[in-house]
Amino acid sequence: VDCALGGEGFTPSQVLLFTGTPGAGKTTMMLTLADSITREGGLAVFNTAEESLFQLKMTVERLRLRSGFVAGQETSVPKLLAYCDEIRAANPGKPFFLIVDSLQTLDDGKFKSGRITSATSERALLMITDYCKEHFCNAVIIGQVTKDGKMAGSQKLKHMVDAFISLDVERKDKDLVGCRILTTEKNRFGGAGHIFYLTLRDRGFTEVARVSVG
């Protein structure tokens, strides 16, 4: 992930939108990232409404992730950010990362009825982006994809973030079938065009090749 972002990792306040085909391993990669952030002295919150916390625990145990991170299942963005405030206040001085799975499960709170519209994701993403800019922390937002593999929601979402990375499963090249392909499609701070070929096993990802600019 550091290399996909240009070689130096995350820039403070950077927001990353992360999409990919179902089954590619997005959750696995982000759980591994959360564990790595903690191991390096940072603080990571993994907030999911896609899976139960029990499922999350099973995946963490399978991957043998032992550094630890905060896990939650909040769908209300105002409540989620309030929880982030509490966690940050209890851990002053630590780099803070919020990982959300996924954007389309969030509610920005505009409607008291809880109604979700096509603009809900945009408002939710804007709230998280503003929060990161204000507090110099980072967020990785997993975005859902449609049946044809395109990102769900408007293209405006891509323009609202600092970086956009996708993870897909190779199905055409017979020599690479089943291989995962991580592609940097946008990066304001480190350039785009980086491509990484990865294998995915029970214990996580292994890089096998890369095509990287710079």
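**Figure 1. The second largest pocket of the predicted model.** By class, 4 nonpolar, 7 polar and 4 charged residues make up the lining of the second largest pocket. The model shown here and in the other views is predicted. The volume of this second largest pocket is about 230 Å³. Its lining counts 15 residues. Closest to the centre are Pro22, Lys26, Thr27, Glu50 and Asp101.

**Figure 2. The largest pocket and its lining.** The largest pocket has a volume of about 800 Å³. Its lining comprises 32 residues. Val1, Asp2, Phe10, Leu33 and Ser36 lie nearest the centre. Four elements, helix 1, strand 4, strand 8 (195-201) and strand 9 (204-211), each supply at least two lining residues. Helix 1 gives the most, with 6 residues. By class, the lining of the largest pocket has 17 nonpolar, 8 polar and 7 charged residues.

**Figure 3. The cavity.** The structure holds 1 cavity of 30 Å³ or more. The volume of the largest cavity is about 40 Å³. Val1, Ala4, Leu16, Phe18, Met29, Met30, Ile165 and Leu182 line the largest cavity. At least two of the lining residues come from strand 1, and at least two from helix 1 (26-39). The lining of the largest cavity has 8 nonpolar residues, with no polar and no charged ones. Val1 is among the residues that line this cavity, and Val1 is also one of those nearest the centre of the largest pocket.

**Figure 4. The aromatic pair of Phe10 and Phe97.** A search of the whole structure finds 2 aromatic pairs. One of them, Phe10 with Phe97, is edge-to-face. The ring centres are 5.2 Å apart, with 80 degrees between the planes. Phe10 belongs to the segment before strand 1 and Phe97 to strand 4, so the pair ties together parts that are 87 residues apart in sequence. Phe10 counts as buried because its relative accessibility is 16%, under the 20% cut-off. Phe97 also counts as buried, at 11% relative accessibility. Phe10 is one of the residues nearest the centre of the largest pocket.

**Figure 5. The aromatic pair of Phe46 and Phe69.** Phe46 and Phe69 form a tilted aromatic pair. The distance is 6.3 Å centre to centre, and the angle between the planes is 50 degrees. Phe46 sits in strand 2 (residues 43-48) and Phe69 in the loop between helix 2 (53-63) and strand 3 (70-72), so this pair ties together parts that are 23 residues apart in sequence. Phe46 counts as buried, at 0% relative accessibility. Phe69 is partly exposed, with a relative accessible area of 22%.

**Figure 6. Helix 4 and its packing.** Helix 4 covers residues 120-135 and has 16 residues. From first C-alpha to last, helix 4 reaches 23 Å, close to the 22 Å expected at 1.5 Å a residue. Buried residues of helix 4 are Thr120, Ser121, Glu122, Ala124, Leu125, Ile128, Thr129, Tyr131 and Cys132. Phe136 follows helix 4 and has a positive phi, near 55 degrees.

Methods
Residues are numbered from 1 along each chain as its sequence is written. This is a predicted model: local features need pLDDT of at least 70, side-chain atom pairs count only at pLDDT 80 or more; totals for chains, interfaces and linings use all residues. Side-chain values use heavy atoms; hydrogens and water are left out. The expected span of a helix is 1.5 Å times one less than its number of residues. Buried means under 20% relative accessible area, exposed over 50%, partly exposed in between (1.4 Å probe, protein chains only). On a 1 Å grid over the protein atoms alone, a cavity is a set of points where a 1.4 Å probe fits but cannot get out, and a pocket is an open set with protein on both sides within 12 Å along at least five of seven lines; lining residues have an atom within 4 Å of a point. Grid points are joined across faces, edges and corners, and a volume is the space filled by probe spheres set on the points. Ala, Val, Leu, Ile, Met, Phe, Trp, Tyr, Cys and Pro count as nonpolar, Asp, Glu, Lys and Arg as charged, and the others, Gly among them, as polar. Rings of Phe, Tyr and Trp (its six-membered ring) pair if their centres lie within 6.5 Å; planes under 30 degrees apart count as stacked, over 60 as edge-to-face and the rest as tilted.
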